[in-house]
Amino acid sequence: MTTMTRWWRDAVFYQVYPRSFADSDGDGVGDLPGIIAHLASLAETGFDAIWLSPFYRSPMADFGYDISDHSDVDPVFGTVADLDALLVEAHRLGLRVIIDLVPNHTSAEHPWFRSSRASRQSPHRDWYVWRDGSPDGGPPNDWQSQFPRVGPGWTFDPPTGQWYLHSYLPDQPDLDWDHPEVVEAMSEVMRGWLRRGVDGFRIDVPQRLAKDRLFRDNEGLAQEPDPRFVGRRYDEDQDHVVDRLRAIRAVTDEFPDRVLVGEVYVLDQRRMARYVAGGDRLHLAHDFTFLRVPWDVAAIRAAIEGALEALGPDGWPTWCLGNHDHGRIATRFGTDGRGEARARLIQMLLLTLRGTPFIYQGDELGLPDSVVPPDRVVDIHDRDRVRGPMAWAPPSVAGAGAGFTTGYPWLPLTDQAERLNVETQLADPASMLSLVRQLLRLRRSTPALRQGDLRLLDGPPGVLIYRRALDGDRLTVVLNLGIDDIIVSTPWVPPCGRILLGTTPGREGESVDGALRLSACEGAVVRTDDDR
Ligand code: NOJ
């Protein structure tokens with residue numbers, strides 16, 4: 001019988017994108033020894049766990065999400081021994097480590113697919129999704145790749161005269177999860193890494209594991225009511241996805257204290273919630289309705305309420321506003337030059353909600369999107385700009401690689417690295433990194449922020465306000481999303497309280513006697529004093 005704690009409810013996760021984190025050998029690409037060298041700084045910053053994007057052996061057509069050997073580390077990142085050392089060092093520092101699991105597809109170079117495509121009689125033929133073309137000679141149906149530039153989600157393979165399905169690149173053929181041997185093979189992949197000591201998995205596109213068994217045309221129909229998701233009625237998120245999740249969870253539960261977080265790219269929050277319901281599926285789900293919110297109080301509030309409602313009183317939300325696929329927070333919300341102030345507010349929001357926060361590397365520095373000149377574009381889906389390498393030290397001191405590399409970085413760093421780097425920000429109490437460290441410290445030392453109830457209030461226009469409460473500790477988080485200075489008064493703020501932390505440095509300890517003055521894009525966490 002394995003023991004299960006819910007450590008992940010108390011944890012703040014930090015996403016490491018290995019290619020862009022730290023390069024130890026000067027080849028311009030980040031690697032595992034580079035990560036090991038900075039684990040202490042992540043622990044010191046106050047993170048509890050890291051999620052490592054793929055480091056497996058891969059032709060890198062999709063930068064590691066195309067895996068050709070699930071049990072090996074790609075030489076560009078290091079060796080399996082490096083991964084073992086990373087786990088030992090992280091655990092010594094009290095950091096848990098989850099890794100990406102990519103169950104929907106493999107690389108076309110994976111031995112399973114090589115065998116599958118070699119002949120219709122191959123023992124691996126049915127591990128992937130092969131179909132005859134339509135009578136007019138085109139693909140079997142109208143399903144499209146997630147990457148618009150790829151077009152159809154099917155590629156014809158002349159040696160055996162059939163088409164194979166790929167939800168992403170043609171280099172990433174989809175596995176067929178209806179085949180029991182696929183489920184067993186993927187279970188063994190999981191067991192291999194769980195035995196090595198990883199604390200769980202981030203599951204890549206779990207909604208893709210269940211497609212319509214009749215392979216009906218999407219015909220532009222949406223599974224979602226959301227118009228942004230048009231055209232995905234039948235190629236994902238079918239009801240039998242729950243069976244897949246149960247299979248994955250059962251393997252995870254063979255080991256104590258492991259966690260599963262899904263990249264559940266399903267924009268209907270009630271459908272998203274099914275991925276974590278029942279205690280026998282995933283533990284956590286990234287919520288893309290929240291990730292995609294515009295800078296608008298009503299929209300943010302609706303996304304938070306929608307998640308809480310869909311997950312129910314026993315459910316546990318996950319909050320994430322950035323990753324290696326989406327525009328960076330400081331750029332996305334900063335088209336009018338207010339990106340940095342908004343990025344600070346966003347960190348206060350993420351770290352004071354009820355639920356498990358995930359922070360994408362570089363967002364703790366307020367990094368903007370990198371500027372990537374056309375001759376340096378390497379991704380088919382316009383994501384290079386959000387994958388610009390970390391800056392560890394000012395280029396004037398550390399050279400052009402800003403402590404990320406001594407070589408030529410695989411993607412350009414931000415042109416603001418002189419200011420937006422770890423060393424400079426650590427030395428500046430007013431920096432974004434200092435704010436994030438303070439927020440993490442506050443969250444860790446304040447049970448009400450981690451486990452307390454959350455109640456959203458109808459605030460004044462442009463202001464997001466919520467209360468967190470636990471065992472008599474009452475906190476109010478007030479975030480002024482507007483561009484005007486305001487005074488927020490009772491009943492929104494307590495008649496007698498004080499600021500625990502503000503996004504503007506130096507406001508902690510300030511008393512709040514029925515009124516709180518906030519500048520444009522400023523926020524504060526206020527504790528109610530009980531006649532103290
Ligand atoms: C989601 C990953 O986050 C993304 O980077 C990747 O391209 C697709 N899944 C396919 O694996």
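Predicted model: local features only at pLDDT ≥ 70, side-chain atom pairs only at ≥ 80, totals over all residues.
Entry 1: I started with an open sheet of 3 strands, whose order reads 6-8-7 with antiparallel pairing. Strand 6 (130-131) and strand 7 (154-157) sit at the edges with a single partner strand each, so one side of each has no neighbour in the sheet.

I then looked at how strand 7 meets strand 8 (residues 162-165): they pair in the antiparallel sense over 4 bridges. Which residue stands opposite Gln162 of strand 8? I found Asp157 there.

**Entry 2: rings.** I picked Trp51 and Phe358: their ring centres are 6.3 Å apart and the planes stand at 70°, so I logged the pair as edge-to-face, the cut-off being over 60 degrees. Trp51 belongs to strand 2 (residues 49-52) and Phe358 to strand 13 (residues 356-360), so this pair ties together parts 307 residues apart in sequence.

Buried or exposed, I wondered about Trp51? Its relative accessibility is 1%, so Trp51 counts as buried. Phe358 comes out at 2%, so Phe358 counts as buried too. I also noted that Trp51 and Phe358 form one aromatic cluster with Trp7 and Phe13.

Entry 3: I went back to strand 6 (130-131) for Trp130, and the charged end of Arg125 sits over the Trp130 ring, 3.8 Å from its centre. Elsewhere I jotted down Arg19, whose charged end sits over the ring of Trp410 at 4.3 Å from the centre.

Key
Residues numbered from 1 in each chain as written. Heavy atoms only, no water. Pairing = 2+ DSSP bridges. Helix = DSSP H or I, 4+ residues; strand = E, 2+ residues; numbered from the N terminus. Phe/Tyr/Trp six-rings, centres within 6.5 Å; stacked < 30°, edge-to-face > 60°. Buried < 20%, exposed > 50% of the residue type's maximum accessible area, 1.4 Å probe, protein only. Lys NZ or Arg CZ within 6 Å of the ring centre and 35° of its normal.
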